[in-house]
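Have the structure open as you read.

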Amino acid sequence: RPIKPNEILPPEKGREVAKELGIPYYETSVVAQFGIKDVFDNAIRAALISRRHLQFWKSHLRNVQRPLLQAPFLPPRPPPPIIIVPDPPSNNEERPAHLLEDPLCADVILVLQEKIKIYAHKIYLSTSSSKFYDLFLMDLSEEKEEQQQHVGGHGFGAAVPAAAEGMPQPGGDHGRDFLLRAASFDICESAEEAGSGQRKPCLRASTSDGILRGDRYEKGRRGRDLSSWSRAFTSIQEEMAEDPLTYKSKPMVVVKMDASIQPGPFRAVLKYLYTGELDENERDLMHIAHIAELLEVFDLRMMVANILNNEAFMNQEITKAFHVRRTNRVKECLAKGTFSDVTFVLDDGAISAHKPLLISSCDWIWRRAGGDVWARVWQVALPHTSKSCMRAVLEYLYTGQFSSSPDLDDMKLIILANRLCLPHLVALTEQYTVTGLMEAAQMMVDIDGDVLVFLELAQFHCAYQLADWCLHHICTNYNNVCRKFPRDMKAMSGENQEYFEKHRWPPVWYLKEEDHYQRAKKEREKEDYLHLKRQPKRRWLFWNASSSPSSSPSSSAATASSSSSSSSSSAVV
């Protein structure tokens with residue numbers, strides 16, 4: 001059974017028993033390998049000293065020392081607790097797919113074949129496809145002159161290049177040269193298939209559409225005709241549409257897709273744009289490759305080719321690269337506020353964010369996003385929160401990574417992460433805080449004051465690993481902390497003070513034993529000094545014959561006889 005605290009005898013009790021018996025007191029520990037040699041050596045000394053009066057003629061017994069004093073055992077310094085970061089939530093990887101099926105906070109309507117509506121989110125589409133990114137940044141209200149170059153040659157082989165000089169870029173500053181030239185999967189039609197109205201998918205090289213740009217869709221209405229800008233889209237316009245969950249009108253972007261895009265393969269493409277994955281058991285792989293080519297999602301086209309070549313295992317690396325690129329694009333959108341649909345009002349400013357990413361990455365927001373409450377929220381006030389802390393939280397929710405900044409307050413970030421029920425972020429912040437404190441301590445920086453401030457705040461806001469580390473630091477530096485911050489130590493809670501008294505290092509019993517050992521050592525040194533002082537001093541005497549000529553022969557003879565007699569007995573007195 002485990003040993004109870006009241007069953008452990010203190011050293012004072014053992015010393016009292018040894019004093020009653022008139023024997024020295026020693027402590028031993030087989031586990032710590034302490035005091036074992038001392039006990040045997042001093043027991044032998046005591047046995048040899050007891051034989052002095054029986055075998056007094058043995059000279060080696062005279063040099064035996066008394067049993068030596070034993071220095072108290074100092075327990076080893078306890079190691080600091082290790083900050084353990086748990087695995088990130090696994091359901092965050094599945095939520096983008098659920099968000100596509102249950103379009104909460106959707107801001108895009110994709111229309112297929114003039115009747116099928118698919119609700120989506122700008123932030124997911126634009127960070128996964130550069131084509132959607134350019135589409136959503138297109139200026140729909142700017143009037144432009146119609147300039148278009150037609151390129152012929154729909155056959156097997158290379159594309160015919162188209163020259164474009166002086167053409168404006170769509171989207172203003174965000175535009176770029178839309179040169180669509182690439183060998184791709186496309187839908188080819190033979191003359192017989194064209195006559196029968198059937199299409200058969202195959203692998204071929206598609207021709208380029210040249211330099212494409214959008215035109216104004218209708219006068220007096222924000223929209224564009226995209227038939228000359230891309231083969232994937234027909235038109236885009238902004239209009240008031242009914243939210244599929246709240247059944248209330250709100251401004252949304254309606255994008256009409258090309259009539260050749262089938263609903264089934266297009267949903268597989270959307271799933272890839274949301275999750276970066278493609279199911280190997282998809283039936284219409286060629287149609288998926290065709291849509292990927294139209295949207296310029298070349299990684300998806302490569303995944304289809306891997307599946308067709310029975311090399312689907314290579315798609316894992318493509319998925320990893322997809323998430324890396326998306327993380328960088330999401331960071332860019334967060335920094336610029338692109339496609340944002342909610343604003344957080346903070347103490348020192350405001351930060352724009354994206355509802356779909358927040359919903360899919362935060363449990364607290366996911367559970368409270370039902371109904372029309374979150375869908376109607378455009379501005380959220382967070383008092384006692386700084387921009388640096390909120391930006392760190394948003395980057396964690398968007399990318400799953402912890403990012404620090406020089407003006408980041410660790411404790412405020414822990415408080416905010418605890419409010420949003422993000423235990424993984426709390427653990428990452430604890431690890432970052434402890435690492436910073438340990439590095440400062442190694443550079444001889446005083447961290448005792450910071451540790452006292454962190455302790456009770458960490459306990460209150462559920463940062464238990466940081467609180468344990470602070471308790472360990474205070475316990476292992478108890479004397480120094482009490483000397484520098486006596487009032488703060490007395491103001492601690494009763495539970496913390498009780499913990500300090502129980503786990504302080506060095507412990508109280510060791511300090512008492514060390515004090516007793518030092519006093520006994522001084523007394524032993526004093527006794528040894530007095531013992532040496534009482535012993536008779538040995539003096540050397542030398543006799544030399546007098547060489548003076550004035551000395552008489554009788555006196556010299558007497559001196560010689562006395563010296564010879566004395567030298568025959570002993571030369572040392």
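In this predicted model, the side chains of Asp363 and Arg95 meet in a salt bridge, with N and O 2.3 Å apart. The two residues sit 268 residues apart and link distant parts of the chain: Asp363 belongs to helix H12 (residues 363-367) and Arg95 to helix H3 (residues 95-101). Both Asp363 and Arg95 are buried.

**Other salt bridges**

- In total, 16 salt bridges are counted in the model.
- Arg15 pairs with Glu513, and their closest N and O atoms are 2.6 Å apart.
- Because Arg15 lies in helix H1 (residues 11-21) and Glu513 in helix H21 (residues 508-534), this pair ties together parts that are 498 residues apart in sequence.
- Arg15 is buried, and so is Glu513.
- Arg301 and Glu293 form another salt bridge, at 2.9 Å from N to O.
- Arg301 has 18% relative accessibility and Glu293 has 11%, so each falls under the 20% cut-off and counts as buried.

**The chain as a whole**

- The protein chain contains 22 helices and 11 strands.
- It has 573 residues, of which 39% count as buried.
- Among contacts with a separation of 6 or more, 61% come from residues 24 or more positions apart.

Technical notes: Residues are numbered from 1 along each chain as its sequence is written. This is a predicted model: local features need pLDDT of at least 70, side-chain atom pairs count only at pLDDT 80 or more; totals for chains, interfaces and linings use all residues. Side-chain values use heavy atoms; hydrogens and water are left out. Helices (H or I, at least four residues) and strands (E, at least two) are DSSP runs, numbered from the N terminus. Buried means under 20% relative accessible area, exposed over 50%, partly exposed in between (1.4 Å probe, protein chains only). Contact means heavy atoms within 4.5 Å. A salt bridge is a side-chain nitrogen of Lys or Arg within 4 Å of a carboxyl oxygen of Asp or Glu.
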